[in-house]
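Biologist: I am new to this structure and would like to learn how to read it step by step. Could you take me through the main features, giving the general idea before each case?

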Amino acid sequence: MANTSYFAGLIGGIKSLCTGLGVTFRELWTPKITERYPENRKENHIPERFRGTLVMPHNENNEHKCIGCGICQMQCPNGTIKVETKMVETADGKKKKQLVRYVYDHGCCMYCMLCTRACPQGAIEFSPEYEGAVFARESLFKVLNQPGSKCVEKPARPAAAKPAAATEGAKPAVAQPQTADADAAKAKAEKMAAAAKKAAENAAAARAAANEAKAAAEANAADTALQEAWKEAEAKALKLETAAKNFAQKAAEAAADVK
Amino acid sequence: MFDFSVFTSWLDAALLSVMPGWLTILVECVLVALGIITLYAIFAMVMIYVERKFCAFVQCRLGPDRVGPWGTIQVVCDVLKMLTKEIVSLRKTDRFLHALAPFLVVTASMTTFACLPWNKGAQILDFNVGVFFFLAIGSIGVVGILLAGWSANNKYSLIGAMRAGAQIISYELSIGMVMLTMICLTGTMSFSEICQNQAEGGWYIFRGHFVALAAFIVYLIAGNAECNRGPFDLPESESELTAGYHTEYSGMDFGFYYLAEYLNLFICAGMASTIFLGGWAPFVIPGLDGFNEVMAIIPGFVWFLVKVFFVLFLLLWERWTFPRLRIDQILTLEWKYLIPISMLLLVLMALCVSLGLTF
Ligand code: SF4
Ligand code: SF4
């Protein structure tokens with residue numbers, strides 16, 4: 001038995017070594033992927049998803065999508081982005097934020113892409129443009145919105161749709177205004193009660209998890225990861241419990257409304 | 001076939017006619033030493049270039065291609081850099097042994113380098129126990145490696161040196177056994193006669209049937225282990241031991257190890273092509289006289305170099321294919337597989353020769 005496995009091992013080993021040699025021999029002749037950079041500047045292929053620099057795409061009317069909310073600035077761990085905005089009054093008398101300057105400090109960016117992920121409008125993205133070298137530190141500050149550009153006007157979407165729905169629903173509402181109100185209140189109360197129940201369940205589950213984590217953490221006082229997990233679970237349970245309480249209160253209020 | 005000894009005896013006679021005998025010998029020694037050192041340096045550079053290119057190609061890269069056409073000057077620059085680097089001398093090391101070790105390694109490798117038969121009559125060291133001399137001198141290198149590890153007063157160096165000791169001494173057994181197998185066939189231990197025999201009767205790898213072929217493969221594996229090259233590069237495994245036994249060396253002291261490593265590879269390939277592939281002997285098919293004459297026009301050193309680079313290709317190919325082994329796997333491979341196989345080969349070869357089954 002020992003002998004057969006010795007020879008089987010020997011033959012199997014030789015076979016697998018030959019397979020390996022075959023792979024490298026084929027690799028010897030494959031086209032090489034090295035890019036000879038300065039010479040092939042023109043045709044150098046950079047993958048599309050390469051994170052070279054942050055850009056704000058503009059359409060043909062010199063419009064971008066940024067609404068100046070500043071979420072990207074808050075998200076950026078490096079303080080790379082400064083969103084300068086001003087308040088303006090729109091034609092229909094509403095106050096609205098407007099982007100003045102979107103300053104991106106290329107020298108500070110670590111290409112984590114948190115900003116583009118966070119942007120609710122998809123206004124910024126990364127381009128594979130990789131030749132970022134400049135002669136002075138100041139040149140790394142880039143204003144991404146083009147001069148004279150403005151935010152695209154959105155087609156007034158749900159805002160226009162809602163009133164239409166309201167007018168349609170208005171007929172029965174006119175006929176039986178009282179019952180409609182009562183029905184609405186009842187529906188709301190039911191919904192709130194369901195939500196409160198769900199929240200209470202969630203809170204109970206989180207509390208159980210927290211207790212478990214606590215037990216584990218106390219058993220292994222040296223394990224910092226467990227301690228962390230316990231703390232986290234505890235915080236989560238507390239949060240959910242507060243939420244459940246809020247829901248319960250709201251549900252009670254809604255029930256009172258029905259009466 | 002051009003006989004290089006015509007030139008050497010002419011030079012000897014010319015020198016003798018103008019100076020006394022002892023001075024002639026001295027001058028000739030110096031000339032030969034210069035020749036060896038120059039060839040040594042040139043081949044080390046060629047080897048480094050070839051290795052870097054080859055490994056790049058296996059890994060789907062281009063390798064050095066910035067300095068000079070196709071990066072050929074890169075190696076020269078590296079050598080110059082190495083020559084101008086500071087040699088750091090460390091406190092708490094054994095200074096004398098620390099300085100001695102690289103010289104032992106490089107001397108061993110240069111002396112074995114001198115054993116290679118470059119051409120008919122162009123052999124520097126050649127006498128009747130040439131194969132034994134080659135093996136004996138080659139083993140001095142391991143002393144240098146052990147001293148390097150010991151004198152550096154550094155745990156990485158020491159572990160590297162110990163591994164090198166265990167590995168090299170083990171694999172020397174297979175090398176010796178395989179050499180004996182081939183000596184059964186050649187009937188001589190002098191490298192010049194080995195080559196001469198093959199020039200007349202064909203290469204031993206063909207004359208010895210599959211036994212010689214198997215011996216060739218075992219020799220390549222063991223030779224690679226002797227040179228401390230991957231998959232057997234445990235003594236200097238950079239991921240565990242920084243640089244193994246030469247961790248504490250800098251500048252040209254380190255350069256000697258570097259040179260010796262590449263030249264040992266060259267020597268290993270040279271020995272394989274001498275013993276199995278005929279050294280400088282052209283490719284002959286007994287009986288086909290026209291073909292043999294055409295082959296004989298190509299000078300011997302060209303034949304030798306072509307064969308050496310063919311064997312080098314095999315060695316590099318294997319080096320860049322396989323991952324590094326563990327120390328226990330290395331010793332298992334040697335003691336459980338290679339030694340039994342080479343013993344078997346020795347017996348088979350003895351049988352073949354005594355029964356007259358070889359060509
Ligand atoms: S990629 Fe990261 S570091 Fe760069 S601007 Fe966006 S959030 Fe900041
Ligand atoms: S880029 Fe996006 S996230 Fe940043 S301010 Fe503009 S809309 Fe807000």
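This is a predicted model: local features need pLDDT of at least 70, side-chain atom pairs count only at pLDDT 80 or more; totals for chains, interfaces and linings use all residues.

Modeller: Residues are numbered from 1 along each chain as its sequence is written, chains are lettered from A and ligands numbered from 1 in the order in which they are written, and side-chain values use heavy atoms, with hydrogens and water left out.

Biologist: Which helices and strands make up the secondary structure of chain B, and what does the secondary structure of chain A come to?

Modeller: Helices (H or I, at least four residues) and strands (E, at least two) are DSSP runs, numbered from the N terminus. Chain B has 15 helices and zero strands, whereas chain A has six helices and seven strands, which run from the N terminus as α-β-β-α-β-β-α-β-β-β-α-α-α.

Biologist: How many of the residues of chain B count as buried, and how many of those of chain A?

Modeller: Buried means under 20% relative accessible area, exposed over 50%, and partly exposed in between, with a 1.4 Å probe and protein chains only. By that rule 50% of the 359 residues of chain B are buried, and for the 259 residues of chain A the share is 21%.

Biologist: What do chain B and chain A bury between them?

Modeller: Buried area is the accessible area (1.4 Å probe) that two parts lose on being put together, summed over both. Here chain B and chain A bury about 1600 Å², and 71% of that lies on carbon and sulfur atoms. Contact means heavy atoms within 4.5 Å, and 18 residues from chain B and 17 residues from chain A take part.

Biologist: How many salt bridges does the rule find across the interface of chain B and chain A?

Modeller: A salt bridge is a side-chain nitrogen of Lys or Arg within 4 Å of a carboxyl oxygen of Asp or Glu. The interface of chain B and chain A has two, one of which joins B:Asp65 to A:Arg36, with the closest N and O atoms 2.5 Å apart. On the side of chain B that touches chain A, two or more residues each come from helix H2 (21-58), helix H14 (300-319) and helix H15 (327-354) of chain B, and H15(B) gives the largest share, four residues.

Biologist: Is B:Asp65 buried or exposed?

Modeller: B:Asp65 counts as buried because its relative accessibility is 18%. B:Asp65 also forms a salt bridge with B:Arg66, where the closest N and O atoms are 3.3 Å apart, and B:Arg66 is partly exposed, at a relative accessible area of 46%.

Biologist: Where in the chain do B:Arg229 and B:Glu51 lie?

Modeller: The side chains of B:Arg229 and B:Glu51 meet in a salt bridge of 2.9 Å, N to O. This pair links distant parts of the chain, since B:Arg229 is in the loop between helix H10 (209-226) and helix H11 (238-241) of chain B and B:Glu51 is in helix H2 of chain B, 178 residues apart. Both B:Arg229 and B:Glu51 are buried, and they belong to a network of salt bridges that also includes B:Asp233 and B:Glu261.

Biologist: In which sense do strand S3 and strand S4 of chain A pair?

Modeller: Two strands pair if DSSP finds at least two bridges between them. Strand S3 (residues 81-89) and strand S4 (residues 95-105) of chain A pair in the antiparallel sense over nine bridges, and A:Lys82 stands opposite A:Val103 in S4(A). Their hairpin has five residues between the strands, and there A:Gly93 takes a positive phi near 80°.
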